[in-house]
Amino acid sequence: MSSRALRRLKGKQKGQEAIDIGDLKLNSEEAERAELEEEKDEELDEVLQPAKASSSRRAKKSKSQKNISNIYELIGDDDNDVDRSPTDEQSVLAARSPVESHVSHELPKQDTETPKSDGDRKLNNKKKKKRKKKKASAGDVQEESGAGDDIDALLEIIKKTNGLSHQSEDSGAPGHRPVLYVEHRNLNPENELKRYFGARAVLGDQKLVWARQRQRQFHRSTWMTTPKDTWPRFSRPGISMSLLESKDGLQFFVFEHSRDYQQVQFKFFDAVESMDPNNIVVLLQLNPYHVDSLLQLSDVCRIQEDQETARDLIERALYSFECAFHPVFSLTSSTSRLDYRRPENRAFYLAVYKHMTFLEKRGCPRTALEYCKLILSLDPDNDPLSMLLLIDFLCLRCREYASLIRLYEEWEVHRNLSQLPNFAFSVALACYHLSQQEETTPDESQRMKVKSDIMLQEALIMFPGVLMPLLDLCTVHPDAAVSSHAFFGPKSRLRQPPALMELEGLYVGRCHSLWKEAGVMLWMEGNVREVLKRVDSQDPLVDDCQNKRKQRYQSAPRNIHRHVLLSEIKEATSTLPLEVTTQPVMSYDPLPPLDSIMSYRRPERQNARASNESTLSLLFRSLLPNFSLQGGQRPEDDLEVARAGRELNQEVNRLMVAMRDMLANIQFQEPQREDNPDRDEEEWD
């Protein structure tokens, strides 16, 4: 037994006696000096006998392994040591002098030393872990800083080369987001339905779907739609997206059709011209993800009041588009652009618009608002579908009053939104609703109330033709002073330009349900009386607005006509001009732009015939392919065939003249009747 063990044993025996504080201090100092000298001697012995040390180490290791009965006890052994409460010996060792602790850190630990107590091992394990944690944390900080510098440098390079910009941390806050910012979670209508009806009501039928998920085929995860098991197996339909250019932080994309998809598109045109929906069904059976066929057949199902199938077809078209997205294309950043002049891009616009319409009718206005902002962000300068005529209605439906006011304030300078009837009235209504909310402070409520009164009066002065149709649809009978006044009477509406009547009819037909509340009607009534006072007092604003109406609303642009056709609101469609109503309108491409950019064209038919032929001429053409009612020589016929055709035409004309004369000379004679009053009517002849 070593001298250190003897001293420790002696100390334990002394510990059972009464402890003297002075003796404890002297003995501890002598023990520390003796331990230092002995540790130095043992270090020299260990250097001279490495082989012995290694053998003893292996012996200890084997002995420790033999003592372990369960190998799983080794798991978390260090954690158990740390969690144990410190013993009395640990408290004594922790009270050692700083010099001794410094020496113990500097001296190497060898396995040939005298076995240490459990308290020494625990304390050393704690110190080792602390040192390792400090080193690891310092290394992680250096690595993170270096990686951060590299990432920033890479982003700067990408921004300079491709014009791709990344959002900062502040942009994630609602106040710093763009006005057309789209949130991914709001693109799913189930999230909105859960807020209205609860998760149990919405996910009640999902258990069956989850039970069959193991057997279903793999689908790509998408944001806009969720693939269904009832859909056909998805394969690349031939649609892809490419990046045209990047400038000023914007990316311009275009959808592209492969050669096989172009052939399917030509077959679709033939099916549409046949006026038979069954041909489109056959085409979809062969090509289940052809987008234009899905859009056209969806309209057919909607007309037949099969809303579920119509909505399912639109979702399938959106899934086909989303699987073809470019990796850089973003739905939420408001920096991705699609040119509506390209026919390949129009189908995506129309699919999203129809999906948004179904969502609004389903009772999900918040989700529909996100899709409305998505369509507007794809081309906010041109706005090919005139989403500015719809976004105010969706904001009021889902009570996003602050968002509507922010859009109006930011875009009024460069877009003159106050000149649109829908914004003039809807922003005033949004301010009124904000003034009535309980969480609004009294000062803010009073300010918004005054602002709403001013905006509503200006809207009534600028667009007086809105009031009477709006009250009529709300089933409200105005006072005689209002209905008989020349400013709001029927004569004032007749003097309005046709484009203004189209915009007013669109707003009244769409938003009249938002004005039916009793409080809103009382607010409207008070402001109408104030407007009549201003008109009677010859307010200069009245004449100014009248001059603006005559000059600015002579004709509506093509995108507004397109929006009216898509909305199918009868108050607006009845005011469309003749140049729009007289031309054929295809639901898969209503009113295409006049400056369309065509990437490929449909090949012309070789045997194109005139469509203004009579039924008799078509009959003879089916019997005689060389027949021509015009009598002119065809380039592919020789002279003999042309002569025979002319002779046949002459014979046909003679036959037609003879038949006409025969029909004109036919006279029908009435049978003679015997005037016998005594004859029984029921008597048989």
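Reader: Which helices each supply at least two residues of the lining of the second largest cavity?
Author: Helix H19 (421-435) and helix H24 (498-511) do. Bear in mind that this is a predicted model.

Reader: Which helix gives the most to that lining?
Author: H24, with 5 residues.

Reader: And which residues line the second largest cavity?
Author: The lining is made of Leu-389, Pro-421, Asn-422, Leu-503, Leu-506, Tyr-507, Arg-510 and Cys-511.

Reader: How do those divide into nonpolar, polar and charged?
Author: There are 6 nonpolar residues, 1 polar and 1 charged.

Reader: What volume does the second largest cavity have?
Author: About 50 Å³.

Reader: How many cavities of 30 Å³ or more turn up in the whole structure?
Author: The search finds 2.

Reader: Changing topic to helix packing. At what angle do H13 and H15 pack?
Author: Helix H13 (residues 291-303) packs against helix H15 (residues 343-362) at about 30°, and their axes are 10 Å apart. Angles under 35 degrees count as roughly parallel, so H13 is roughly parallel to H15.

Reader: Is the crossing left-handed or right-handed?
Author: H13 passes H15 in a left-handed crossing.

Reader: Which residues make the contact?
Author: On H13 they are Val-291, Asp-292, Leu-295, Ser-298, Asp-299 and Arg-302. H15 brings Ala-347, Leu-350, Ala-351, Lys-354 and Phe-358.

Reader: How many of the residues in the contact of H13 with H15 are charged?
Author: 4 are charged, alongside 6 nonpolar and 1 polar.

Reader: What about H11 and H13, where do their axes stand?
Author: The axes of helix H11 (residues 259-273) and H13 come within 9 Å and cross at roughly 30°. H11 is therefore roughly parallel to H13.

Reader: Which residues of H11 and H13 touch?
Author: Tyr-261, Gln-265 and Phe-268 of H11 meet Val-291, Asp-292, Ser-293 and Gln-296 of H13. Val-291 and Asp-292 also belong to the contact with H15.

Reader: How does the contact of H11 with H13 divide by class?
Author: Into 3 nonpolar residues, 3 polar and 1 charged.

Reader: Last pair. How do H20 and H26 pack?
Author: Helix H20 (residues 442-462) and helix H26 (residues 540-552) pack at about 50°, with axes 9 Å apart.

Reader: Why are H20 and H26 called oblique?
Author: Roughly parallel needs an angle under 35 degrees and roughly perpendicular runs from 65 to 115. The angle here is about 50°, so H20 and H26 are oblique to each other.

Reader: Which residues are in that contact?
Author: H20 supplies Glu-458, Ile-461 and Met-462, while H26 supplies Leu-541, Val-542, Cys-545, Lys-548 and Arg-549. By class, the contact of H20 with H26 has 5 nonpolar, no polar and 3 charged residues.

Conventions
Residues numbered from 1 in each chain as written. Predicted model: local features only at pLDDT ≥ 70, side-chain atom pairs only at ≥ 80, totals over all residues. Heavy atoms only, no water. 1 Å grid on protein atoms, 1.4 Å probe; cavity = no way out; pocket = protein on both sides within 12 Å on 5 of 7 lines; lining within 4 Å. Points joined across faces, edges and corners; volume = space filled by probe spheres on them. Helix = DSSP H or I, 4+ residues; strand = E, 2+ residues; numbered from the N terminus. Nonpolar A, V, L, I, M, F, W, Y, C, P; charged D, E, K, R; others polar. Axes fitted to C-alpha atoms, helices over the stretch in contact; angles between N-to-C directions. Parallel < 35°, antiparallel > 145°, perpendicular 65-115°, else oblique. Left-handed = near helix turned anticlockwise from the far one by under 90°. Contact = heavy atoms within 4.5 Å.
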